[in-house]
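Welcome! Let us take a friendly walk through a protein model, one topic at a time.

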Amino acid sequence: MNDERIYELLVKQMQGGITEEESAELQSYTNARPQLKEEMESVKAAWRATESYQNNIEINVDAAWDKVRRKIHLVQQPKVVPMNRFRIWALAASLLLILGIGYVMYQMNREPKWNNVATANETKKVQLPDGSVIWLNSNSELAYKDKFGDNRDVKLTGEAFFEVAKDPEHPFTIASGGTVTQVLGTSFNVRAYTAENKVEVSVATGRVSFAEAGTEHKEILLPGDMGSYDKTTKALNKLKVDNNYLSWKTGVLVFDNTPVPLLLKDMGHYYHASFTIKDTAVASIAFTGKLDKQPLTPALDILKSSLGMRIIRDSAQSYSIYAH
Amino acid sequence: MLFENEIDFELIFRQHYKWLVSISARIISDANTAEDLVQEAFISVWEKQSELQVSGNIQAYMRAAVVNRSLNYLRGKVKFTGEEITEGHDQVQGHASDLTDSVLLFSETENKVNKVIGYLPDAPRLVFVLSRFEELSYKEIAERLDISTKTVEKHMTTALKHLRKHLPVLVLIKFLLGLW
């Protein structure tokens with residue numbers, strides 16, 4: 001017997017991969033030499049004590065993500081330059097540079113003006129001058145200044161997902177449906193359709209301040225929180241986000257033992273359809289499953305066959321739901 | 001595609017970043033470089049996501065990628081085949097006073113552990129880390145480091161003897177009694 005063999009068996013024992021034979025072998029060594037048993041126990045204690053090794057490094061995840069984000073955006077820019085045409089490209093580039101400098105100087109010396117982006121049945125991605133990215137849902141309108149000053153102010157009607165570039169010096173403010181949402185750099189969804197009685201802000205990352213316009217009335221929202229503002233009662237509440245709040249952007253609806261009325265609400269948002277529940281029994285039915293970029297008709301077929309519900313089409317985008 | 005969109009990617013990054021940095025830091029024993037390596041690993045999966053076939057979960061995939069990058073980083077920097085390490089490697093200073101220290105600072109277990117492992121020579125330290133935290137067998141460690149299993153056995157024995165010898169008595173008692 002040698003030390004190496006004993007330690008090898010001990011490691012296997014601690015890793016949990018020791019066979020019965022090996023276990024007996026280790027036992028025979030410690031039986032033969034009682035002081036070895038003591039040594040083995042303290043090696044085991046040392047093994048367990050190392051659990052925390054390098055486990056508590058101080059890490060700034062925000063800073064790290066910023067770095068990674070900047071790099072992946074850099075890479076996406078085109079960078080194809082055929083070598084044999086190098087001179088032509090160099091000439092073109094220097095011309096562009098001169099034009100670019102002129103353009104930048106012109107931009108710096110004029111007053112900002114409001115830009116409007118509107119969507120009908122499509123969704124759109126908008127890049128703002130400060131690097132923030134906004135995905136605009138259908139039937140929505142976003143207004144922003146083409147040059148941001150001290151504050152980054154935008155106006156929204158309809159729904160949009162915001163990924164706000166970090167800039168603590170210049171707060172980013174969204175005015176929508178009688179509310180003001182203010183952030184320093186984060187990502188979140190704002191739903192503020194004129195036809196709906198509620199304004200809802202759902203937070204994905206960071207910290208968001210959600211306030212009734214012109215008042216001190218506000219809630220601080222963290223990831224997983226949804227701020228909901230009732231336009232009639234002026235009530236402002238903090239709730240949990242709906243799992244499917246980004247379905248309009250991802251195309252995916254996920255349900256986990258979700259009661260049918262809630263499911264119909266999410267589907268209504270996503271498909272721009274309205275569902276009327278005709279039987280109270282429907283409320284006690286729940287659905288678990290995922291609808292991944294499904295058109296409405298197959299999605300309804302899935303519900304019909306798996307839940308045994310009856311769904312009657314009343315008009316183009318409106319349906320009646322029966323339990324049987 | 002591996003990620004639905006950039007937000008999906010960001011969420012996965014935020015969820016696993018710290019854990020992956022710990023894994024890399026244990027291997028290369030340098031937290032700053034570990035952060036760089038993990039960031040590079042994430043950038044690389046993002047760029048190659050259309051070609052990547054990830055079987056199993058992304059977490060396991062990222063772990064394997066980070067371990068590989070960390071080992072590659074050490075390649076050429078560290079000699080793993082080194083002959084037998086002189087017993088009792090004397091970089092650990094004043095461990096007699098460690099004992100009294102630990103009476104006073106019972107909560108400083110983590111610092112002590114980091115220090116004592118840090119004093120190990122590179123080869124035994126790395127063999128220990130791969131066995132303890134990546135749960136690799138001697139054979140797998142030998143393959144990864146391109147050394148013989150005999151050498152792995154030696155390094156592992158050195159590492160465990162070193163830990164037993166240098167971890168303060170009270171730290172060990174704490175773990176013997178299961179007071180963790």
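What percentage of the 324 residues of chain A count as buried? The figure is 26%, where buried stands for 20 or more other C-beta atoms within 10 Å of a residue's own, exposed for 12 or fewer, and partly exposed for in between, with C-beta atoms placed from the backbone.

The model is predicted, so local features need pLDDT of at least 70 and side-chain atom pairs count only at pLDDT 80 or more, while totals for chains, interfaces and linings use all residues. Residues are numbered from 1 along each chain as its sequence is written, and chains are lettered from A and ligands numbered from 1 in the order in which they are written.

Chain A has eight helices and 18 strands; these are DSSP runs numbered from the N terminus, with at least four residues of H or I for a helix and at least two of E for a strand.

Two of these strands pair, which takes at least two DSSP bridges between them. Strands β12 and β13 of chain A run antiparallel and are joined by five bridges.

| Strand of chain A | Residues |
|---|---|
| β12 | 225-230 |
| β13 | 236-240 |

In this pair, A:Asp225 stands opposite A:Lys240. The two strands form a hairpin with five residues between them, and A:Lys234 in the turn has a positive phi of about 65°.

Now to chain B. B:Glu140 lies in helix α7 (residues 138-145) of chain B. Why is B:Glu140 partly exposed? Because 15 other C-beta atoms lie within 10 Å of B:Glu140. B:Leu130 is 10 residues away from B:Glu140 in sequence and 9.3 Å away in space, C-alpha to C-alpha.
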